[in-house]
Amino acid sequence: MKDNKKSRYEYIVYVMILPVLTSILLFYYNQMLGAIAILSCGLLYFYLQKQLDYNEKAIQRYVDEVDLSFDSITKNLVFEMPFPIAVLNNGRDIKWHNGYFRNLFPQEDLVGVDIRNLAADFKDIDFTDKQVVQPINIPIDGKIMQFYFTSVFNEGLKTTETFLYGLDNTYDESIKQLFKDKRLVFFTVFLDNYEDLRNSTDSLNRPQVLGSIDRTITEYFKRYNGVVRKYENDRFMVVMEYQQYKKIHDNKFSILDDVRDIDFGNTINPTLSIGVGISGANPNEIYDDSRVAIDIALSRGGDQAVVKLEDNYEYFGGKSKATEKTSKVKSRVISGALKRMINSSSDVYIMGHNNPDMDSFGSSLGVYEGVNFLGKDAYIVLNEVPRQIENMYSSATSSLEELSEHILTEDQALARIKPSSLVVVCDNHRKHSTEAPSLIEKTDQIFIIDHHRRGNDYIKKATISYIEPYASSASELVTEILNYLDEDFKARTSIAESLLAGITVDTKNFVYQTGVRTFEAASILKRWGADTVYIKRMFKDDFEIIKYKSEVIADSSIVNDMIAIAHFNRDIDGSTLIASQAADDLLNIKGVKASFVLTKANNKIHISGRSLGDLSVQLILERIGGGGHLTAAATQLDMSMENAENMLKKAIIEYLREEEEDESNTNR
């Protein structure tokens, strides 16, 4: 208002200044003419004032008329808009609504009703959030309504009012869903144990077994309108629409159980590995995704389905032990490949997983021996010596004089490594679980030797990944590789004993995950001079560790009548070793099929899981970021002991519930 008065005053001054000056000048020369001029200036001033008042009133009348017209139009538009509209008080209570909004819901009177009570999806929306600009799809009575809203603060009422309106987006959403349902899905299906199944089945029953497998696979996928093509004796490709795939997904790939149950006198149960691609931009990419997924399924031991999503994987099955392969052709091929990579590299850096155990360090020593035999510089990356490998480390470094100089920390290895170097990862395939993750980025030559089932965060840039879940240990795999390295190769005694100790610790004295090839590897190590009595001494524990394990067992409790859970609340050197050994000991309790021990380690909670094979501790701990084997797995969580235990119990309940559902489906 002050600005208007000021501009009005300035206008009059500018208009009057010349007449006033002229009048003064005339008055100076002629008083009569000057008086007439001054009188004229006064009249001009009053005329200008009156004219400005008239103009202002005319403008105000025009503005008022526009306001009235706009208000009338707005009110009529709001009431007559052909879509639902509502006004909310403080983002919750309905203050006003039109007829279209009321017709969406069965209630007759909606004024005063909390909008969160009208549809479940409304509960997750903060209608007072001014940052939300994306529309929200809400399914209501068979329709998909797309709601928009904007909020303002009412100064007079001191409340936030939200204007909410919706559009019927059912048609667009149905088109999107149709497009999604009609997408192609590629399945790559492998029969895991074709050769072993064929060789172990009587010639009279063999056609029935193999024919039944083919028929089961073909009929299963045709049931979902899939196109099935067998392109090798043990390999199939299947293509179907996404809407049909969802039924297979919801049934959790029951084909795995159907094939496993085939029995016509075969001594080995047939198992399938299935890789599924669904998220590629075109058929080539979808097919490539299925190939990536089948590689992961095979590297995890087979008898499972792996679905490749955009940036993640889903796993189904994997509840049985990996079948040991009788043929050693792959070991010989891998040995040759490793030999070529060693010879073509400038030097070799070997590492296991962080907080290494005897298998990790023992297999690393085995690779170190092979590299030395081929005349290349080899270095083992080890940041610290944890309690579980103290005896092995002392034995190896005291008997091999040069070894101490070839054990480096991560920083020392980073200062030496070159792009032409080879990195060998033992007993692990996860980048962030290695002893020195930074080394992975320094070279393009990476060789993985592992026996754990493959997880999501595997090292993608590895040149060769030798991951065999059927094997008892990485030490077993390394022993086979060394045996094919050269006819004249023979590992030194301390190396052979370290490899045998690695096998012994992972098999729990040749009890778990032990096959024919495990004993064959042990016999090779015995021929190289490994002393089993010396290895027994290597496993001796201090009195303090025995006492701590007793504490853990005394603290344990049994849940679900078959699972033992215990805690070790001391964050000391070797706490993870105590936890894993205590988990093994808990399996000796009658009726216990699986055990979990939680302990503090490096300001995190470490969980060691063990089972007798009836339950998969791997599938349980994978739910909370861990991994491992059917009978041995682990994970680390950055949270309190109480929260970690609650998360573990939730994972156990979900796993057991799925087991029960699978059994009920099978029984039907």
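These legends accompany close-up views of a predicted model.

**View 1. Helix 6 and its buried face.** Let's start with helix 6, which covers residues 206-222. Buried residues here are Val 209, Leu 210, Ser 212, Ile 213, Thr 216, Ile 217, Tyr 220 and Phe 221. Looking down the axis of helix 6, you will find these buried residues within an arc of 155 degrees, so they line one face of the helix. An α-helix has 3.6 residues a turn, so residues three or four places apart point the same way. Pro 207 and Lys 222, on the other side of helix 6, are exposed.

**View 2. Strand 13 and its two parallel neighbours.** In a regular strand the side chains alternate between the two faces of the sheet. Here, Ala 378 and Ile 380 point one way from strand 13 (residues 378-381), while Tyr 379 and Val 381 point the other way, and all are buried. Strand 13 pairs with strand 12 (residues 348-351) in the parallel sense, over 3 bridges. Between strand 12 and strand 13 the chain passes through helix 11 (residues 358-373), making a right-handed β-α-β crossover. Strand 14 (residues 407-408) also runs parallel to strand 13, joined to it by 2 bridges. There, Val 381 stands opposite Leu 408. The chain goes from strand 13 to strand 14 through helix 12 (residues 390-399), and this β-α-β crossover is right-handed.

View 3. Side chains of opposite charge can pair when their charged atoms come close. The model holds 23 salt bridges, and one of them joins the side chains of Lys 95 and Glu 161 at 2.4 Å, N to O. Lys 95 belongs to strand 2 (residues 93-97) and Glu 161 to strand 5 (residues 159-168), so the pair ties together parts that are 66 residues apart in sequence. Glu 161 is buried, at 16% relative accessible area, whereas Lys 95 is partly exposed, at 38%.

**View 4. Glu 654 meets Arg 623.** These two side chains form a salt bridge at 3.5 Å, N to O. Glu 654 sits in helix 21 (residues 641-667) and Arg 623 in the loop between helix 20 (617-622) and strand 22 (627-628), which puts the partners 31 residues apart. Both are partly exposed: Glu 654 has a relative accessible area of 27% and Arg 623 one of 32%.

Key
Residues numbered from 1 in each chain as written. Predicted model: local features only at pLDDT ≥ 70, side-chain atom pairs only at ≥ 80, totals over all residues. Heavy atoms only, no water. Helix = DSSP H or I, 4+ residues; strand = E, 2+ residues; numbered from the N terminus. Expected span 1.5 Å × (residues − 1). Buried < 20%, exposed > 50% of the residue type's maximum accessible area, 1.4 Å probe, protein only. Arc of directions from axis to C-beta. Pairing = 2+ DSSP bridges. Right-handed = clockwise from strand over helix to strand, strands pointing away. Salt bridge = Lys/Arg side-chain N within 4 Å of Asp/Glu carboxyl O.
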